[in-house]
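This report describes how the parts of a complex meet one another. The sequence and structure are shown first, and the description follows.

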Number of protein chains: 2
Amino acid sequence: MPGRVTTLKELAAQLGLSITTVSRALAGHEQIALKTRQRVTEAARQAGYVPNTAARTLVSGRSGFVGMVLPIRGPNLVDSFLGEFVTGLGEGLVSHGSDLILAAAAQGQSELSVLRHVVESGRADGVVVTRIAEVDERLAYLRQRNFPFVAHGRLLDGDFAYHWLDTDGAHAFGEAFDMLYDLGHRHFGLVTISEPMTFRHLRQDGLAAAIARRGDPSVRLDVATAPRFDRGARIQAINRLLHATERPTAIVALFDELALTVMEEAARAGLAIPRDLSVIGFDNIAASAYAPPGLTTFDASIRQCAREIGEMLLTVIGNRPDAPLTRLVRPTLVSRASHGPAPTRQN
Amino acid sequence: MPGRVTTLKELAAQLGLSITTVSRALAGHEQIALKTRQRVTEAARQAGYVPNTAARTLVSGRSGFVGMVLPIRGPNLVDSFLGEFVTGLGEGLVSHGSDLILAAAAQGQSELSVLRHVVESGRADGVVVTRIAEVDERLAYLRQRNFPFVAHGRLLDGDFAYHWLDTDGAHAFGEAFDMLYDLGHRHFGLVTISEPMTFRHLRQDGLAAAIARRGDPSVRLDVATAPRFDRGARIQAINRLLHATERPTAIVALFDELALTVMEEAARAGLAIPRDLSVIGFDNIAASAYAPPGLTTFDASIRQCAREIGEMLLTVIGNRPDAPLTRLVRPTLVSRASHGPAPTRQN
DNA sequence: AGCGAAATTGCAAACGTTTTAAATGCGAGC
DNA sequence: GCTCGCATTTAAAACGTTTGCAATTTCGCT
């Protein structure tokens with residue numbers, strides 16, 4: 001990189017042109033003579049010129065960034081979700097030359113305040129919001145502020161007047177029920193979390209709806225609930241399910257991590273999977289393939305979804321559509337060996 | 001948020017002060033009367049004022065961002081590493097108010113060109129570089145450019161004149177050998193990759209050094225090599241090892257994913273672990289705990305390392321130390337059930 | 001009352017870009 | 001030779017902040 005020219009001014013001086021002309025030439029404006037355009041482009045390439053982002057942002061009002069707030073969890077909580085999501089988002093953005101900015105929330109700092117900072121400081125042209133809560137102040141803020149965003153997930157109240165992409169957990173849980181019902185299961189367990197996330201309801205409602213559709217009064221559903229990050233409570237809740245006088249023959253877990261715990265506890269209780277108990281998860285995390293006997297689950301293809309979210313957001317930023325962009329992605333069943341026919345009753 | 005005031009100018013007008021004074025008051029300059037400072041601070045808080053990042057960056061030359069280039073891999077390659085790393089990095093940065101910018105490399109675009117773009121455009125005050133290659137053009141560029149960076153990993157040639165943090169893979173592999181030797185193993189296998197990453201050499205050299213230290217001529221080491229992302233070739237290489245006329249009794253894998261494949265193939269070949277074969281990995285990814293019988297491996301605590309890298313980089317950006325900051329993190333052995341005494345020879 | 005120093009505040013330039021509006025050069029038409 | 005219109009180029013303002021220097025106010029002291 002010979003003769004480091006960093007600014008438009010230097011480049012202009014070197015070419016004997018005005019800043020304006022150079023700027024326009026690089027932007028490819030038709031009004032600049034073709035010969036000049038070529039000359040400028042070549043000189044810029046030679047000099048390794050890269051426009052200054054801050055200056056461009058300041059004048060144009062567009063930063064070329066998409067923001068996301070990093071959810072910081074407890075110290076030993078790895079987010080198998082995050083790596084995939086970030087990768088996918090990056091893929092979706094790169095084609096349009098956007099980059100991703102990740103702002104972490106410090107301990108004790110609310111996610112909302114970080115989000116506000118990102119928005120108000122003009123760091124980003126739009127943001128992605130994940131894991132929607134039942135009452136989500138982030139969405140409320142963004143909508144009131146009329147700031148471009150795409151949500152990964154939905155609110156419950158049917159108020160869908162914003163752009164979102166979601167995985168159809170309701171459908172998946174219905175599918176799981178139907179499959180298990182057809183295998184003879186009548187007594188079901190659901191392991192869920194107590195945090196007010198909307199996906200919890202959507203999935204549970206999908207299960208309930210499928211049960212209702214079947215119209216079989218002999219179907220029974222027991223629900224075990226525990227806080228998301230309290231491993232002890234989770235194990236307790238699961239064991240209450242496993243050691244009830246009438247034990248479910250099939251357990252559906254809100255997501256794979258819960259399902260894996262169910263399988264561990266079942267093994268500890270001497271139950272063979274799938275002979276004594278069928279287990280079905282959701283997410284298809286890497287460990288699910290390895291945990292014996294292989295967890296049957298649904299693959300939500302997070303990376304692909306994140307990529308689409310990135311593309312949606314760029315559309316929103318560019319076009320400001322007034323009709324909401326929405327997309328419901330149907331997860332695919334990954335059939336492994338953790339489910340099978342209901343055991344013949346003898347209990 | 002009543003009366004949205006967004007700029008310093010508006011805030012100044014509202015307070016009847018000059019822009020200069022307001023700016024200085026918010027920055028806490030002593031020269032501004034305490035009373036004024038308080039008045040300004042309160043008004044800014046009320047108005048929800050957040051300084052414009054672009055303007056600040058433009059004049060100060062500091063963006064407050066740390067950059068990193070997202071390695072985009074093949075479509076179905078999840079990077080269990082990335083999520084943890086990004087989370088840790090975010091944690092390390094947030095305490096000093098920095099954010100992270102992630103730039104993805106588009107298909108066919110070199111990682112170097114993206115890095116150059118990030119640097120030259122002034123988007124970031126410093127960058128993090130991971131997965132160091134034997135001949136790493138990114139490091140060469142950054143050093144020549146004298147741009148602040150911290151590397152996750154080391155070059156081989158002893159030319160350590162830059163800031164880095166690395167996991168001591170050499171030590172870990174030595175430890176693994178010593179442990180297995182003491183369990184009676186004499187015939188070892190190493191499963192490694194063909195990509196020119198420095199960590200491959202460091203770990204292999206650590207193993208070789210431990211063997212040499214022991215000075216036992218009966219120790220034998222067979223090496224199986226395959227491209228990182230070619231599952232077929234990987235399986236082939238591993239099976240050559242497993243089906244050799246004289247099979248190793250202990251296999252050390254460069255990282256867990258390889259170790260898990262070894263365990264799968266061993267199971268397929270009817271070998272019981274750890275009775276017939278001991279396997280040891282490196283990384284401690286989530287799946288390693290679930291894959292039967294539980295993989296013995298080393299935990300590199302990626303998240304913690306990334307956090308330290310973030311803190312190091314902020315130091316580098318702030319202080320520009322001339323002595324290199326370096327840190328070698330010793331991974332800890334996670335002892336599960338995939339290793340045991342060497343089988344008694346009968347072959 | 002007046003002077004000077006100290007305390008406090010403000011003016012204006014600068015950062016590097018985009019963009020509006022205007023200027024310049026040039027050939028054609030009369 | 002003069003004007004008009006077109007193609008091409010440029011001057012200057014603007015974006016919102018920080019900061020060197022200058023201006024203003026305050027206040028103690030004589």
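## Contacts with DNA strand C

In this predicted model, an N or O atom in the side chain of T20(B) lies 2.6 Å from a base nitrogen of DNA strand C. A base oxygen of the DNA strand is also approached, with a polar side-chain atom of R24(A) at 2.8 Å. At the backbone of A33(B), a polar atom is 3.1 Å from a phosphate oxygen of DNA strand C.

DNA strand C is surrounded by 23 residues, and the closest of them are L8(A), R24(A), Y49(A), T20(B) and R24(B). Of the atoms of DNA strand C that come within 4 Å of the protein, 55% belong to sugar and phosphate.

## Composition of the surface near the DNA

The most comes from α2(A), which provides 4 residues. Classified by residue type, this surface comprises 11 nonpolar, 9 polar and 3 charged residues.

## Extent of the protein interface

The size of an interface is often expressed as the accessible area lost when the parts come together. For chain B and chain A, the buried area is about 4300 Å², of which 63% is on carbon and sulfur atoms. Within the area that chain B buries against chain A, V50(B), Y290(B) and R303(B) supply 14%, more than any other three residues. The contact involves 52 residues from chain A and 50 residues from chain B.

## Polar and charged pairs between the chains

The interface of chain B and chain A holds 2 salt bridges. In a salt bridge between R123(A) and D99(B), the side chains meet at 3.1 Å, N to O.

## Elements on the chain B side

Several elements of chain B each supply at least two residues of the side that touches chain A, among them β1 (65-70), α6 (111-120), α7 (137-145), α11 (256-268) and α12 (286-290). The element α5(B) gives the most to this side, with 8 residues. The residues of the side of chain B that touches chain A comprise 28 nonpolar, 12 polar and 10 charged.

## Strand pairing across the interface

Strand β2 (residues 99-104) of chain A pairs with β2(B) in the antiparallel sense, over 3 bridges. L102(A) has L100(B) as its bridge partner in β2(B).

Key:
Residues are numbered from 1 along each chain as its sequence is written. Chains are lettered from A and ligands numbered from 1 in the order in which they are written. This is a predicted model: local features need pLDDT of at least 70, side-chain atom pairs count only at pLDDT 80 or more; totals for chains, interfaces and linings use all residues. Side-chain values use heavy atoms; hydrogens and water are left out. Contact means heavy atoms within 4.5 Å. Buried area is the accessible area (1.4 Å probe) that two parts lose on being put together, summed over both. A salt bridge is a side-chain nitrogen of Lys or Arg within 4 Å of a carboxyl oxygen of Asp or Glu. Ala, Val, Leu, Ile, Met, Phe, Trp, Tyr, Cys and Pro count as nonpolar, Asp, Glu, Lys and Arg as charged, and the others, Gly among them, as polar. Two strands pair if DSSP finds at least two bridges between them. A residue is near a molecule or strand if one of its heavy atoms lies within 4 Å of it. A polar contact is a pair of N or O atoms within 3.5 Å; within protein, one must be able to donate a hydrogen and the other to accept it, and residues adjacent in sequence count only if both atoms are side-chain atoms.
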